[in-house]
Amino acid sequence: MRLLPWTNDFGGPCWLSTGNPDSRISRMADELEAAMIASAEEVLSEARELLAESVVGEQELRFVGTRLAESLGDTLRIAASRGGRLESEG
């Protein structure tokens with residue numbers, strides 16, 4: 001079972017029950033995971049730049065904190081999914 005990088009309508013996890021990494025859904029999930037990781041890298045870069053400034057407003061900090069939390073959540077979901085696939089292969 002593969003944990004997919006999106007949630008169901010109720011915010012719960014979505015699972016894929018195929019072992020075929022070339023299935024249409026698997027490829028779509030791979031593409032979304034790559035986009036999520038690229039987005040997280042961009043958010044981290046922007047956050048570092050903002051935090052390097054000597055004066056930063058509260059709204060800016062809240063915005064960057066929210067984006068960092070979203071990116072971390074996405075990245076942890078991807079890590080859990082990939083770790084689960086490694087365990088099933090072993």
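# A salt-bridge network and a negative patch

Arg2, Asp30, Glu33, Arg82 and Arg85 are joined to one another through a network of salt bridges. Keep in mind as you look around that this is a predicted model. The structure holds six salt bridges, and three of them are followed one by one below.

**The salt-bridge network**

- Glu33 has another partner in Arg85, and their side chains meet in a salt bridge at 3.7 Å, N to O. Since Glu33 lies in helix H1 and Arg85 in helix H2, the pair ties together parts that are 52 residues apart in sequence.

**How covered are the network residues?**

- Both Arg2 and Glu33 are buried. Arg2 has a relative accessible area of 5%, and Glu33 has one of 1%; the cut-off for buried is under 20%.
- Asp30 is partly exposed, with a relative accessible area of 32%.
- Arg85 is partly exposed as well, at 22% relative accessible area.

**Helix H1**

- Helix H1 covers residues 24–52. H1 is made of 29 residues and reaches 42 Å from its first C-alpha to its last, close to the 42 Å expected at 1.5 Å a residue.
- Which residues of H1 are buried? They are Ser26, Ala29, Glu33, Met36, Ala40, Val43, Ala47 and Leu50.
- Ser26 is found in helix H1 and counts as buried, at 3% relative accessibility.
- Glu31 also lies in helix H1, but Glu31 counts as exposed, at 58% relative accessibility.

**The negative patch**

- On the surface, Glu42, Glu46, Glu49, Glu53 and Glu60 gather in a patch of negative charge.
- Helix H1 gives the most to this patch, with three residues.
- Glu42, one of the patch residues, has its place in helix H1. Is Glu42 buried or exposed? Glu42 is exposed, with a relative accessible area of 55%, as the cut-off for exposed is over 50%.

**Pairs brought together across the chain**

- Ile78 has its place in helix H2 (residues 58–89). At 4% relative accessibility, Ile78 counts as buried.
- How far apart are Ile78 and Pro5 in space, C-alpha to C-alpha? They are 6.4 Å apart, although 73 residues separate them in sequence.
- Pro5 can also be compared with Glu31: the two are 26 residues apart in sequence and 10.0 Å apart in space, C-alpha to C-alpha.
- Ser26 and Leu16 are 10 residues apart along the chain, and their C-alpha atoms are separated by 8.0 Å.

Conventions: Residues are numbered from 1 along each chain as its sequence is written. This is a predicted model: local features need pLDDT of at least 70, side-chain atom pairs count only at pLDDT 80 or more; totals for chains, interfaces and linings use all residues. Side-chain values use heavy atoms; hydrogens and water are left out. Patches are made of residues with over 30% relative accessible area and no salt bridge: like charges are joined within 9 Å, nonpolar side chains (Val, Leu, Ile, Met, Phe, Trp, Tyr) within 5 Å. Accessible areas come from the Shrake-Rupley method with a 1.4 Å probe; for residues, only the protein chains shown count as cover. A salt bridge is a side-chain nitrogen of Lys or Arg within 4 Å of a carboxyl oxygen of Asp or Glu. Lys and Arg count as positive and Asp and Glu as negative; His and the chain ends are not counted. The place of a charge is taken as NZ of Lys, CZ of Arg, CG of Asp or CD of Glu. Helices (H or I, at least four residues) and strands (E, at least two) are DSSP runs, numbered from the N terminus. Buried means under 20% relative accessible area, exposed over 50%, partly exposed in between (1.4 Å probe, protein chains only). The expected span of a helix is 1.5 Å times one less than its number of residues.
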